[in-house]
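Dear colleague,

Please find below the structure that I am handing over to you.

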Amino acid sequence: MVRDHAARALLDAAHEQEVDLRVVRHFGHGGFVEALLGSVSQYCVHHAPCPVVVRHAV
């Protein structure tokens, strides 16, 4: 368990573990919102040291 901003914690872990790929989930709420990324997903996509896959939550 980490007490930090979710995106920062994910990226810190990616740096420490030297991961090859980061997968994050997007929790859309229907309609046009599904086309948008959430703040954590968007931050990870733009700042990760590795490729990021954003998967829609089912």
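A strand, as the word is used here, is a DSSP run of E with at least two residues, and strands are numbered from the N terminus. Please bear in mind that this is a predicted model.

In a regular strand the side chains alternate between the two faces of the sheet. Strand β1, residues 22-26, has R22, V24 and H26 on a covered face, while V23 and R25 lie on an uncovered one. The partner of β1 is strand β2, residues 52-56. The two strands run parallel and are joined by 5 bridges.

The chain has 58 residues, of which 19% count as buried. Of the contacts between residues at least 6 apart in sequence, 62% join residues at least 24 apart.

I turn next to the helices. Two packed helices are described by the angle between their axes and the distance between the axes. Helix α1 (residues 6-17) packs with helix α2 (residues 39-47) at an angle of about 35°, and their axes are 9 Å apart. The crossing of α1 and α2 is right-handed. Which residues of α1 and α2 meet? On the α1 side they are A6, A7, L10 and L11; on the α2 side they are V40, Y43, C44 and H47. By kind, the residues of this contact between α1 and α2 comprise 7 nonpolar, 1 polar and no charged.

A disulfide is a covalent bond between the sulfur atoms of two cysteines. How many disulfides does the structure hold? The number is 0. C44 is in no disulfide, and the nearest cysteine sulfur, that of C50, is 8.9 Å away. C50 is likewise in no disulfide, its nearest cysteine sulfur being that of C44. Are these two cysteines buried or exposed? C44 is buried, because its relative accessible area is 0% and the cut-off for buried is under 20%. C50 has a relative accessibility of 11%, so C50 also counts as buried.

Yours sincerely,
A colleague

How values were computed
Residues are numbered from 1 along each chain as its sequence is written. This is a predicted model: local features need pLDDT of at least 70, side-chain atom pairs count only at pLDDT 80 or more; totals for chains, interfaces and linings use all residues. Side-chain values use heavy atoms; hydrogens and water are left out. Buried means under 20% relative accessible area, exposed over 50%, partly exposed in between (1.4 Å probe, protein chains only). Helices (H or I, at least four residues) and strands (E, at least two) are DSSP runs, numbered from the N terminus. Two strands pair if DSSP finds at least two bridges between them. Axes are lines fitted to C-alpha atoms, for helices over the stretch in contact, and angles run from 0 to 180 degrees between N-to-C directions. A crossing is left-handed if the near helix is turned anticlockwise from the far one by less than a right angle, and right-handed if clockwise. Contact means heavy atoms within 4.5 Å. Ala, Val, Leu, Ile, Met, Phe, Trp, Tyr, Cys and Pro count as nonpolar, Asp, Glu, Lys and Arg as charged, and the others, Gly among them, as polar. A disulfide is a pair of cysteine sulfur atoms within 2.5 Å.
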